[in-house]
Amino acid sequence: MALRFGTQLNKSAACCVLITRQMTTRQMTTKQATAAFEDIEQPQMRTSVPGPKTKELQARLGRYQNTDAIHFFVDYNKSRGNYIVDVDGNVMLDVFTQIASLPLGYNHPELASAMTDPKNLSTFINRPALGSYPPLDFVDQLESSLLSVAPPGMSRVQTMGCGTCSIESGQKAVFMAYQRKLRGGRQPTDEEKQSSLMNQLPGSPKVSFLSFKNSFHGRCMGALAMSHAKWFHKLDFPVPDWPIATFPRLRYPLEEFTRENLAEENRCLYEVCDLIEKFKARGEPVVGICVEPVQSEGGDHHASAAFFQGLQDICQKYGAYLMIDEVQTGCGASGRFWAHDHFNLRKSPDVVTFSKKMLSGGFYFTEELVPTEAYRIYNTWLGDNSKLILLEKVIGEIKRDNLVANAAKVGQTLLAGLKEMQQLYPALLTNARGLGTLCAVDVATVESRDKIIHTLRNKGVNIGGCGTSSLRLRPSLIFKEKHASIFLDKLASVLSEMAV
């Protein structure tokens, strides 16, 4: 027995050595892969953009759907890190990253390792209906991903498929909580239940959500009622008539216009109160206020911490709930993990929505907003738990490489560069602004803005626009100083040509 035990011990020891060697090899391979990850050094242009292959594919796709929004077709197998490669072989530095959606750039090896790990296969193959048939490791996934980075003071989370349904489900949670308060805890009556099926009172109450001019929260009806950025989002659609307040239009640089900006924010807060009173008087009380930390699609407008603190005070005064839409601003891009962390709110918001860089859609919410009946916040999938596997890897990389601090640092470089550009070309650029890498600058005209975007693309930089005539930067979290330098050099080249 002793010999057999010793033999077994030796076998176990040998197995441990083998496993250790395999782990070490895997770790070294991952480190080597990560080190070689960004081996594209510069943009490389072969054709104009869009090139001939894009045009051919666009024509084919045009047989089946509208293609007017397509900029170019992408070879995602060749895209890597901060560089996007189109089907014509053009390699462009991407400072827009799938409309602010890639936390670690293209084809990051950590995400590739998660996709190829055999233990994750069933999650990717068998997309579960999470509200009814969650997998055995779902709670572990939530705790190691979404809940590990929850906004301070928030411990409830609901996964969703995208930003729009995150907003709309957050709205539903607010509506339900408000009506529960009105009922004083009693169960809904049969009349309420039956009238709701016919979109009638009392089951379908006349309540409203306040939002802001130039905001964008999504393209389905509840979210669309709070979106006011562009006409083509809304034309022809019957949306609720809810109150729309003015979001502050600050003057830059902020330190030079303190008094004017304070007056502007106070004016906007007063308008919020006035609208709440008016809608209360007409029998449609405001039960929630929805706001972006930075109005992204509508023009990258900023407001101070005092403004957001004022909104929270107004919600407290009128018994409304505060929803902060972090779909585009969350996951570290602002130099804090959540952009509203900059605002020093006295307590957590009631709802914080997320998507894009978080890979999964969803929303955090307070205890008061927990539904009390089944199927009230529900759809077939309620998101995709395979995204949580990827998000756990993203969070690991963010922490390991201090990527939130990197966003704060690189954001300062980008903003300083934009300010320098507007000093050199005041007839073209104004109002450079930013929070971390959430940077933007206004261009004198729509035509000039669009020309800058087109010319930059043909010089090897993919960038986006927003608002009336703004340039918007949304790089990945692995965007570094060297990438900022490339972008700023290319922008300077474009501006110098336009200024001639």
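Tutor: Two strands pair if DSSP finds at least two bridges between them. Helices (H or I, at least four residues) and strands (E, at least two) are DSSP runs, numbered from the N terminus. Here glycine 464 stands opposite arginine 472 in β14. Strand β14 covers residues 470-472, and three bridges join β13 to β14, the two running antiparallel.

Student: What should I know about the model and the numbering first?

Tutor: This is a predicted model, in which local features need pLDDT of at least 70 and side-chain atom pairs count only at pLDDT 80 or more, while totals for chains, interfaces and linings use all residues. Residues are numbered from 1 along each chain as its sequence is written, and side-chain values use heavy atoms, with hydrogens and water left out.

Student: What is the order of the strands in the open sheet of four?

Tutor: The order is β10-β11-β14-β13, with antiparallel pairing. β10 (429-435) and β13 are at the edges with a single partner strand each, so one side of each has no neighbour in the sheet.

Student: How is a pocket found?

Tutor: Rolling a probe the size of a water molecule over the atoms shows where empty space is left. On a 1 Å grid over the protein atoms alone, a pocket is an open set of points where a 1.4 Å probe fits, with protein on both sides within 12 Å along at least five of seven lines; lining residues have an atom within 4 Å of a point. Grid points are joined across faces, edges and corners, and a volume is the space filled by probe spheres set on the points. The largest pocket here has a volume of about 1400 Å³. It is lined by 45 residues, and those closest to its centre are His71, Phe96, Ile99, Glu297 and Arg472.

Student: Which element supplies the largest share of that lining?

Tutor: α14 does, with four residues. Helix α14 spans 446-458, and β13 (464-466) is also among the elements that supply at least two.

Student: And the second largest pocket: how much space lies in it?

Tutor: About 970 Å³. Of its 29 lining residues, Phe175, Gly203, Ser204, Pro205 and Val207 are the closest to the centre. The largest share of this lining, eight residues, comes from α7.

Student: Is isoleucine 324 buried or exposed?

Tutor: Buried means under 20% relative accessible area, exposed over 50%, and partly exposed in between (1.4 Å probe, protein chains only). Isoleucine 324 counts as buried because its relative accessibility is 1%. This residue lies in strand β7 (residues 321-325).
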